[in-house]
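Colleague: I'm new to this one. Can you walk me through it?
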Amino acid sequence: MNFRHSTALVLVCAICFALVFPPDVVAQAAESAGKITAVVPVVNVVRGPQQVSASSSQQVFWGDVINTGHLARARIALNDGSILSVGSDSNLAIAKHDAAQQQTDLDLNYGRVRAKAAKLVKPDSHFQIRTSVGVAGVVGTDMVVIFDATGKMQVICIEGACKVCDLAGHCILMKGGEQSSVRSNEQPSSPSPATPMNISEATT
């Protein structure tokens with residue numbers, strides 16, 4: 001009887017632990033990506049089936065989705081020193097941020113994000129922002145990625161060097177002050193000078 005009672009007690013405790021700490025939350029606890037440093041006015045963080053209002057100094061993890069509403073914005077300090085500024089009406093998923101290996105993968109489902117990436121010095125390092133039509137990459141630089149409702153992905157390279165690719169692997173390189181765009185089933189447009197107005201609107 002004592003053995004059965006002990007077994008039942010252990011089973012009940014295990015079930016309670018699983019309900020309070022779902023496996024995905026427990027796994028993500030060791031996979032910190034950084035923390036939110038500013039929110040204006042209300043920003044939500046989606047983690048698995050849960051959605052909570054974000055606050056300053058809140059930790060973010062691999063798999064978290066940052067959701068900003070109308071006129072809302074968020075700033076995120078990643079563990080490697082990179083800074084993300086998420087614009088209003090945006091949905092950004094932190095797929096991966098391995099600070100030790102300098103490997104960052106972000107999924108911009110819609111909206112805009114500005115990335116000030118730390119300089120990449122590790123072998124096989126990368127910093128990428130993906131949409132459903134293309135991928136933008138940075139190398140120790142500053143860029144803005146905008147993905148609108150028409151399916152157009154626009155990349156403005158603020159400083160340094162940037163790379164834009166379509167899903168088929170056709171890529172173009174840009175330098176600071178240039179921009180390019182890509183749509184579904186189209187190759188990235190040739191780099192062209194970004195107007196001061198475009199840069200100003202993108203960065204603010």
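Modeller: Here is a short tour, starting with confidence.

Modeller: This is a predicted model, where local features need pLDDT of at least 70, side-chain atom pairs count only at pLDDT 80 or more, and totals for chains, interfaces and linings use all residues. Residues are numbered from 1 along each chain as its sequence is written, and side-chain values use heavy atoms, leaving out hydrogens and water.

Colleague: What does the pLDDT average?

Modeller: The protein averages 87, and 85% of the residues score at least 70. pLDDT is the predictor's confidence in each residue, from 0 to 100. Over residues 1–30 it is below 50. Where pLDDT is low, the predicted coordinates should not be read in detail.

Colleague: New topic. Which way do strands E8 and E9 run?

Modeller: Antiparallel, joined by seven bridges. Strands are DSSP runs of at least two residues, numbered from the N terminus. Two strands pair if DSSP finds at least two bridges between them. Ile 94 has Leu 106 in E9 as its bridge partner.

Colleague: And what sits between E8 and E9?

Modeller: Four residues, making a hairpin. Gln 102 in the turn has a positive phi of about 55°.

Colleague: Are E9 and E10 parallel or antiparallel?

Modeller: Parallel, over five bridges. Asp 105 stands opposite Gln 128 in E10. E9 also pairs with E11, in the antiparallel sense over six bridges.

Colleague: Where is Thr 131?

Modeller: In the loop between strands E10 and E11.

Colleague: Is Thr 131 buried or exposed?

Modeller: Buried, because its relative accessibility is 10%. Buried means under 20% relative accessible area, with a 1.4 Å probe and protein chains only.

How values were computed
Contact means heavy atoms within 4.5 Å. Buried means under 20% relative accessible area, exposed over 50%, partly exposed in between (1.4 Å probe, protein chains only).
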